[in-house]
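Dear colleague,

I am passing on the structure below, together with some notes to read beside it. Please look through it first, and then compare it with what follows.

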Amino acid sequence: MTSEDARWMSLALAEAEAAGARGEVPVGAVLVGPLPGEMLGSAGNMIIEKHDPTAHAEMLLIGATASRLGNERLIGTTLYVTLEPCAMCVGAISLARTKRLVYAAPDPKGGAVAHGPKFFEQPTCHHRPEVTHLGGEAEAKSAELLRTFFRARR
């Protein structure tokens with residue numbers, strides 16, 4: 001993990017905390033552009049708030065950024081997300097041609113990068129970003145946010 005990875009992931013974790021405070025599953029994401037230090041945006045889950053099952057942090061961020069830039073291709077970007085993305089989100093990441101995906105915590109139940117369908121390993125996947133699982137402190141913080149959130153609801 002680089003210091004830049006830690007910097008951007010800390011912002012994604014802040015988005016996850018904010019999502020949790022709003023009653024959403026605490027997942028956050030930050031999209032960084034190809035220029036050094038260029039943050040294109042950030043988002044947290046808004047599924048409940050928007051009454052939209054597709055309102056995952058990654059989907060909101062990819063859609064808003066592509067719309068703002070006027071380009072469906074997010075060439076050269078890095079997406080930081082606090083939890084291993086699901087199949088829907090990795091599909092969007094691939095279609096957006098994101099250069100790199102960095103996630104903090106694995107998701108053995110719903111993840112689609114290292115778990116489940118392993119989307120980027122499928123022959124039908126047209127674009128495979130470089131993937132980094134940060135682990136360590138970022139993983140521990142993300143996992144604790146999720147545990148705390150779900151413990152309070154069970």
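**Salt bridges**

Arg22 has a relative accessible area of 39%, so this residue is partly exposed. Please keep in mind throughout that the model is a predicted one. The side chain of Arg22 meets that of Glu49 in a salt bridge, with 3.5 Å from N to O. Because Glu49 belongs to helix 2 (residues 47-50) while Arg22 lies in the loop between helix 1 and strand 1 (28-32), the pair ties together parts that are 27 residues apart in sequence. Glu49, at 46% relative accessibility, likewise counts as partly exposed.

In the whole structure, a search finds 6 salt bridges, and another of them joins the side chains of Arg100 and Asp5 at 2.9 Å, N to O. This pair links distant parts of the chain, since Arg100 is in strand 4 (residues 100-105) and Asp5 is in helix 1 (residues 3-21), 95 residues apart. Are these two residues buried or exposed? Both Arg100 and Asp5 are buried, and together with Glu130 they are linked in a network of salt bridges.

A further salt bridge is formed by the side chains of Glu17 and Lys141, again described by a value of 2.9 Å, N to O. Here, too, distant parts of the chain are linked, with Glu17 in helix 1 and Lys141 in helix 5 (residues 136-153), 124 residues apart. Glu17 counts as partly exposed at 36% relative accessibility, and Lys141 is partly exposed with a relative accessible area of 39%.

**Aromatic rings**

The structure holds 2 aromatic pairs. In one of them, the ring centres of Phe119 and Phe120 are 5.9 Å apart and the planes stand at 85 degrees, so the pair is edge-to-face. Phe119 counts as partly exposed at 25% relative accessibility, whereas Phe120, at 8%, counts as buried.

The rings of Phe149 and Phe150 have their centres 5.0 Å apart and their planes at 90 degrees, and this pair is therefore edge-to-face as well. Phe149 is buried, with a relative accessible area of 8%, while Phe150 counts as partly exposed at 29% relative accessibility.

Two arginines also come into this part of the picture. The charged end of Arg153 sits over the ring of Phe149, 3.6 Å from its centre, and the charged end of Arg7 sits over the ring of Trp8, 4.1 Å from its centre.

**Nonpolar cores**

Which residues have the most contacts inside the largest nonpolar core? They are Leu79, Leu101 and Phe120, in a core of 25 residues. At least two residues of this core come from each of strand 1, strand 2 (39-44), helix 3 (57-69), strand 3 (78-83), helix 4 (87-95) and strand 4, and helix 3 gives the most, with 4 residues.

Leaving aside residues up to four places away in sequence, Phe120 touches a set of residues including Val90, Ile93, Leu101, Val113, His127 and Val131. For context, nonpolar side chains tend to be buried together in soluble globular proteins.

With best wishes

Definitions and conventions. Residues are numbered from 1 along each chain as its sequence is written. This is a predicted model: local features need pLDDT of at least 70, side-chain atom pairs count only at pLDDT 80 or more; totals for chains, interfaces and linings use all residues. Side-chain values use heavy atoms; hydrogens and water are left out. Rings of Phe, Tyr and Trp (its six-membered ring) pair if their centres lie within 6.5 Å; planes under 30 degrees apart count as stacked, over 60 as edge-to-face and the rest as tilted. Buried means under 20% relative accessible area, exposed over 50%, partly exposed in between (1.4 Å probe, protein chains only). A charge sits over a ring if NZ of Lys or CZ of Arg is within 6 Å of the ring centre and within 35 degrees of the ring normal. A salt bridge is a side-chain nitrogen of Lys or Arg within 4 Å of a carboxyl oxygen of Asp or Glu. A nonpolar core is a set of buried Ala, Val, Leu, Ile, Met, Phe, Trp, Tyr and Cys residues joined through side-chain atoms within 4.5 Å. Contact means heavy atoms within 4.5 Å.
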